[in-house]
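The structure is shown first.

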Amino acid sequence: MCGIVAYVGHRQAYPVILKGLKRLEYRGYDSAGIALLSDGLKLFKKKGKVAGLEDSLVGENVQGHIGIGHTRWATHGEPSDRNAHPHRSASGKLAMIHNGIIENYGQLKQELLNKGYSFTSDTDTEVLLHFIDDIRENNKCSLEEAIRIALKRVVGAYVIVIVDTESPDTLIAARKGSPLVIGIGKGEHFLASDASPIIEYTKEVVYVNDYELAIIRPDELILKNLGNETLTPFVQKLDLELAAIEKGGYEHFMLKEIFEQPHTIYDCLRGRLELSESKIIMSGVEQHLEQLKNAKRIIMVACGTSWHAGLVAEYIFEELCRVPVEVEYASEFRYRNPIVGPGDVIIAISQSGETADTLVAIEKAKEQGALIFGVLNVVGSSIARISHGGAYTHAGPEIGVASTKAFTAQLAVLTMIALKLGREKGTIDNDRYQRLLTELSLIPEKVQTVLEQAENINSLARKYAQATDFLFLGRGYNFPVALEGALKLKEISYIHAEGYPAAEMKHGPIALVDDTLPVVFVATKDPYHEKIVSNIQEIKARKGKVIAVISEGDETIPQMADDVMYVPACDEILAPMLNVIPLQLLSYYTGVHKGLDVDKPRNLAKSVTVE
Ligand code: F6R
């Protein structure tokens with residue numbers, strides 16, 4: 001996820017773009033850059049936040065009425081000045097910003113290398129720009145035509161915006177899969193990833209659709225499709241106020257991130273899950289396939305929510321890959337002289353990639369000869385740098401301190417790795433493999449269905465917000481979900497909560513049950529469903545309040561539970577991605593009803609870089 005802003009018109013472009021980039025920083029802040037066209041094409045780029053770029057430009061000539069700007073969340077190539085956007089073409093005439101991922105960039109790059117091109121960055125963006133430039137120079141065609149030809153070859157997602165010294169009053173933009181809004185002013189146009197950089201200048205906007213190309217001048221907006229047919233722009237009125245869109249219209253980043261999950265899971269699957277070919281394409285796994293396939297043992301190392309993702313993955317890997325799995329708290333593993341060595345695979349799971357305990361734990365295992373494979377969200381992070389390989393979760397920047405969308409993206413990545421290895425090892429039968437692939441592709445829309453119940457969950461949170469303790473129970477794949485539900489509630493609402501395997505409650509926690517204790521059961525349909533129904537009865541017999549996450553169509557549990565939250569039916573392996581959503585919402589709304597700062601809960605930090 002990156003943020004893009006562009007301007008052409010009667011104002012100075014720099015202040016408009018700079019302010020816009022600050023608004024879009026939630027989309028990424030690995031580096032920022034601006035290109036301005038006045039006396040030639042000037043590029044300014046800096047690793048780090050937009051404020052750093054701004055400081056570095058004090059005293060520079062930033063004049064110009066046309067420009068493009070970018071705030072980056074790194075995917076290809078570490079965060080650095082050289083990988084920052086905009087990029088400049090080999091001809092020196094074009095500068096381009098890009099949001100998205102060009103999946104076939106390797107192939108395009110090789111073609112360009114064969115033609116003698118060299119690259120100044122590690123990005124897929126520079127490859128696409130050279131490709132467009134090459135088509136224009138060789139075919140002697142217009143930039144617009146060159147973009148059209150190039151995009152027909154591109155696999156992946158993009159919004160691109162290009163400035164061209166040969167047309168100094170024109171911006172050309174194109175979109176597939178990433179968002180692009182055009183703001184229409186008087187004698188000026190604005191482009192951005194969302195409306196937040198535009199809203200203070202105009203409320204007239206056009207949302208560009210996939211496979212559309214926009215040619216934009218101060219007084220002209222031409223919209224075309226990739227077949228060069230002219231389209232009529234659909235101008236809409238923004239029904240938003242400036243303050244509301246800074247968090248994308250959500251009251252808190254946490255809520256926004258919970259609601260982003262259909263997209264983040266989709267982004268995570270995109271380009272990897274190839275249903276038509278019944279394939280999972282993960283270059284990180286392919287690079288270490290032999291070691292992963294032949295692992296004697298897999299050890300998941302993580303902290304907090306990421307550790308819960310590891311617990312779910314333990315069940316999945318053992319089931320699909322028939323390999324022994326251990327799940328370790330990084331902070332325990334690192335201090336206990338663990339028996340680890342060649343033949344072991346460590347899967348380090350971390351949103352930030354900076355968690356100190358996880359970092360040190362894997363350094364130690366690496367020294368002892370294990371393969372280190374990272375499942376990480378932040379590209380180029382410390383854990384990414386010391387891992388032998390890995391797979392990114394592509395969930396975009398997570399700003400709310402409590403992890404939500406990173407967790408479901410971790411589950412999506414870990415599931416794909418297990419499916420791929422199980423297939424390679426022959427430990428998963430073909431029918432199940434095909435079924436899981438199809439079901440996995442449906443998870444984003446099923447998550448959307450769960451989110452549609454937010455208002456019911458809000459009422460439920462209000463009902464229980466004054467409780468002082470909660471118990472969360474689940475079996476099998478739902479046991480780690482229960483742990484995650486308890487952790488979220490603790491963090492956000494400061495209510496004491498414990499997660500347990502449902503059967504284990506008889507060995508102690510049941511002593512806490514009375515008519516004041518809410519007990520949340522994660523009780524979706526799976527092979528142990530009857531067992532968990534018995535556990536619910538045991539709680540009800542002791543007058544506990546039962547709140548249950550259940551599968552749509554379950555007619556048994558609603559008759560005994562005090563409250564229920566529904567999720568669509570799905571294979572038990574994939575169910576945690578759905579079942580955690582009502583628990584995230586329950587925590588969020590409970591925190592809100594208690595008047596707490598849900599985005600920055602007390603005593604917590606987004607990235608725990610101390611031991
Ligand atoms: C919980 C939470 C933390 C993190 C933990 C690990 O909501 O955010 O428990 O999961 O600090 O962080 P990462 O995944 O960045 O290593």
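## Interface between domains 2 and 3

Between domain 2 and domain 3, about 2,500 Å² of area is buried, with carbon and sulfur atoms giving 74% of that figure. On the domain 2 side, His308, Tyr315 and Ile443 supply 22% of the area buried against domain 3, more than any other three residues. The model under discussion is a predicted one.

In terms of contacts, 31 residues of domain 2 meet 25 residues of domain 3. The C-alpha centres of domain 2 and domain 3 are 25 Å apart.

## Polar pairs and contributing helices

Two salt bridges are counted between domain 2 and domain 3. The count of residue pairs in polar contact between domain 2 and domain 3, both residues being at pLDDT 80 or more, is 10. Four helices each supply at least two residues of the side of domain 2 that touches domain 3: helix 7 (253-259), helix 11 (304-321), helix 15 (405-425) and helix 16 (430-451). Helix 11 provides the largest share of that side, with 10 residues.

## Domain layout

The domain assignment divides the chain into domain 1 (3-243), domain 2 (247-445) and domain 3 (453-595).

Seven strands form an open sheet in the order 5-6-7-8-12-13-14, and their pairing is antiparallel.

Glu212 has Asn225, in strand 13, as its bridge partner. Helix 4 (residues 124-139) lies across strand 5, strand 6 (94-102) and strand 7 (156-164), and runs at about 125 degrees to strand 6.

## Salt bridges

The structure contains 35 salt bridges. One of them joins the side chains of Glu54 and Lys22, with an N to O distance of 2.7 Å. This pair links distant parts of the chain, as Glu54 belongs to helix 2 (residues 50-56) and Lys22 to helix 1 (residues 13-23), 32 residues apart.

A further salt bridge is formed by Asp571 and Arg435, whose closest N and O atoms are 3.8 Å apart.

Notes
Residues are numbered from 1 along each chain as its sequence is written. This is a predicted model: local features need pLDDT of at least 70, side-chain atom pairs count only at pLDDT 80 or more; totals for chains, interfaces and linings use all residues. Side-chain values use heavy atoms; hydrogens and water are left out. Two strands pair if DSSP finds at least two bridges between them. Contact means heavy atoms within 4.5 Å. Axes are lines fitted to C-alpha atoms, for helices over the stretch in contact, and angles run from 0 to 180 degrees between N-to-C directions. Domain bounds come from an automatic or database domain assignment. Buried area is the accessible area (1.4 Å probe) that two parts lose on being put together, summed over both. A salt bridge is a side-chain nitrogen of Lys or Arg within 4 Å of a carboxyl oxygen of Asp or Glu. A polar contact is a pair of N or O atoms within 3.5 Å; within protein, one must be able to donate a hydrogen and the other to accept it, and residues adjacent in sequence count only if both atoms are side-chain atoms.
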